[in-house]
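Hello,

Please find the sequence and coordinates below. My notes on the backbone and on one of the sheets follow.

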Amino acid sequence: MAKINIKIEGIPYEVEEGMTILEAAKSCGYEIPSLCTFNHGECNLGSCRVCLVEATGARGLVASCVYPVSEGMEVRISSPAAVEARRESVELLLSNHNKNCQQCEKNEYCELLHVAKLTGARDDAFAGMHSKTYIDRLAPGLVRDTSKCILCGRCVARCQNAHGLGILGFENRGFNTVVSPAENRSFADSPCIQCGQCVNVCPTGALMEHSEIDLVDEAMRSGKHVVVQVAPAVRAALGEEFGYPIGTPVTGRMIAALRRLGFEKVYDVNFGADLTIMEEGHELLSRIQNGGVLPMITSCSPGWVNYAEYNYGDLLPHLSSCKSPHEMQGAIIKSYWAEQKGIDPKDIFVVSVMPCVAKKFERQREQLQVNGLPDVDAVITTRELAKMIKRSGIMFTRLPEEDWDPDIMGDYSGAGVIFGVTGGVMEAALRTVYFKLTGKEKDAITFEEVRGHDAGIREASLDINGTVVNVAIASGMKSAKVLLDEIKAGKSKYHFIEIMGCPGGCINGGGQPYVRPCFLPNEDDDIIDTYKEKRAQALYSEDERQTVRQSHNNPQIIELYDKFLGAPNTHKAHKLLHTSYAPREGFN
């Protein structure tokens with residue numbers, strides 16, 4: 001990239017051509033107050049006017065987030081006119097904002113409050129009528145509150161950039177403008193996949209996950225046996241809520257915190273991931289060897305499953321019939337675990353800690369019940385777990401390192417750990433498929449061909465003992481659509497496809513801690529661009545530390561089949577561990 005010369009506050013700098021003033025200023029050590037996520041790659045309309053500066057060659061003040069630098073430009077950030085304009089811009093936003101900060105779910109992470117402090121914005125500097133408020137609490141995963149929306153459009157851009165969807169847009173005009181699904185419908189009455197990516201980029205509390213902490217509290221009070229299970233991606237990000245650098249695994253302290261919160265048993269969903277691989281791997285081999293529907297597509301991401309049911313109802317037979325790992329494990333807790341413990345399944349309450357908002361929708365699906373009981377009773381996100389820990393007065397950084405409960409579901413393999421990364425389900429499955437086809441373990445246990453943390457499509461062709469297996473991996477529905485359209489056109493060359501709803505996989509789920517420059521612990525210059533890679537490495541490093549790294553070698557998985565299930569894909573396994581899908585009428 002070519003370099004150009006500019007001045008900021010009279011000091012000369014050399015910056016990359018094509019940068020916005022906001023980007024160039026940051027590269028030179030200036031943090032202009034803004035509500036932008038330019039370093040997340042989201043588009044910005046410059047509509048909030050919070051980042052106004054003076055620049056030579058411009059007529060009046062300009063929004064630095066969208067105005068490009070040019071050769072010889074002189075920028076003034078701290079001129080009286082720019083300082084006052086930024087303050088007034090924030091004051092205008094506050095004038096139409098519900099300022100119940102103490103009750104707001106985004107408290108501590110509100111970017112509007114952050115820039116209000118930076119700019120010295122005065123409360124009630126502008127007084128007038130507030131626009132009409134709409135609060136949507138109908139969807140299982142998401143809550144929308146227009147009284148806190150600043151119309152920045154970041155959620156609109158994220159939905160489009162990640163999934164190619166237009167679920168959110170600007171409705172009405174002028175003072176009556178809102179950001180919402182079409183016709184200001186509820187999320188529950190739209191083809192929203194409930195992924196929560198919009199929540200991740202919302203600067204205020206206008207978009208939030210539907211909290212289920214109250215359900216957990218009630219279960220604790222009821223005297224039920226409250227069992228918690230935690231997804232692999234949670235350990236790679238929870239520490240960020242307590243000041244640890246991004247990518248710091250906090251497994252031991254997380255387990256200790258869960259015990260102190262009062263959960264009767266603390267289990268790892270990696271056990272469920274190993275179980276999923278046993279069922280899914282055998283299902284894949286059966287389809288390949290017996291002329292089943294190919295390519296087979298993974299089904300552990302509920303956001304992706306929602307997308308398929310809304311948009312590709314005719315391709316649903318391609319999805320694996322396997323439940324997702326936490327649903328499988330929930331079903332085992334309420335059957336085998338209950339039997340071993342002598343507990344009535346009706347008295348068991350299963351809580352899943354997930355990086356994913358769509359899991360809240362998934363747990364309520366009618367297809368995920370056994371004998372009238374849901375496999376999972378409540379889902380809380382990584383962020384919700386952090387709230388529970390903080391409100392309980394637990395000093396997370398001082399907790400000891402503890403281990404998962406060892407009984408029945410205490411063992412897991414490295415293959416289960418990497419489920420949280422895009423490509424991880426594929427690699428875990430291939431480790432077991434390789435063994436089933438060759439009768440021996442692969443010398444180099446990893447499959448580097450399918451690794452990567454970015455959204456997009458990756459593919460590989462593997463010759464395993466004379467059986468060629470063509471695979472592809474996609475995360476984010478924008479990428480998945482390419483593979484799905486190939487299948488519809490009869491042009492797909494693949495046997496097995498992994499699809500994850502969130503770009504980068506579960507490490508970047510809609511329930512993970514917010515990645516904001518102004519709130520990050522131990523911030524460094526590249527953290528925004530590398531946060532997915534750092535979280536992914538936390539999981540890959542745990543995989544490498546495991547003695548057992550293939551799902552089929554997990555001793556408690558072997559015992560589960562020997563004592564209870566019989567074998568993968570048996571009638572009993574299908575009743576407990578498999579499910580079905582159906583097109584969503586009105587959206588296909």
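**Backbone and sheet notes**

Asp124 lies in the loop that runs between α3 (111–119) and β6 (135–136). Please keep in mind that this is a predicted model.

Most residues other than glycine have a negative phi, and most peptide bonds are trans. The cases below depart from that pattern.

Asp124 is not a glycine, yet its phi is positive, near 60°. Its relative accessibility is 57%, and the cut-off for exposed is over 50%, so Asp124 counts as exposed.

Gln194 is another residue other than glycine with a positive phi, here near 65°. Gln194 sits in the loop between β9 (178–180) and α5 (197–201). Is Gln194 buried or exposed? With a relative accessible area of 3%, against a limit of under 20%, Gln194 is buried.

The peptide bond between Leu294 and Pro295 is cis, with omega at about -5°. Pro295 belongs to the loop between α9 (270–290) and β13 (296–297).

Now the sheet. Three strands form an open sheet in the order β6-β7-β10, and the pairing is antiparallel. β6 and β10 (207–209) are its edge strands, each pairing on one side only. How many bridges join β7 to β10? There are three between β10 and β7 (residues 142–145), and the two strands run antiparallel. Across from Met208 in β10 stands Val143.

Regards

Notes
Residues are numbered from 1 along each chain as its sequence is written. This is a predicted model: local features need pLDDT of at least 70, side-chain atom pairs count only at pLDDT 80 or more; totals for chains, interfaces and linings use all residues. Side-chain values use heavy atoms; hydrogens and water are left out. Helices (H or I, at least four residues) and strands (E, at least two) are DSSP runs, numbered from the N terminus. Buried means under 20% relative accessible area, exposed over 50%, partly exposed in between (1.4 Å probe, protein chains only). Two strands pair if DSSP finds at least two bridges between them.
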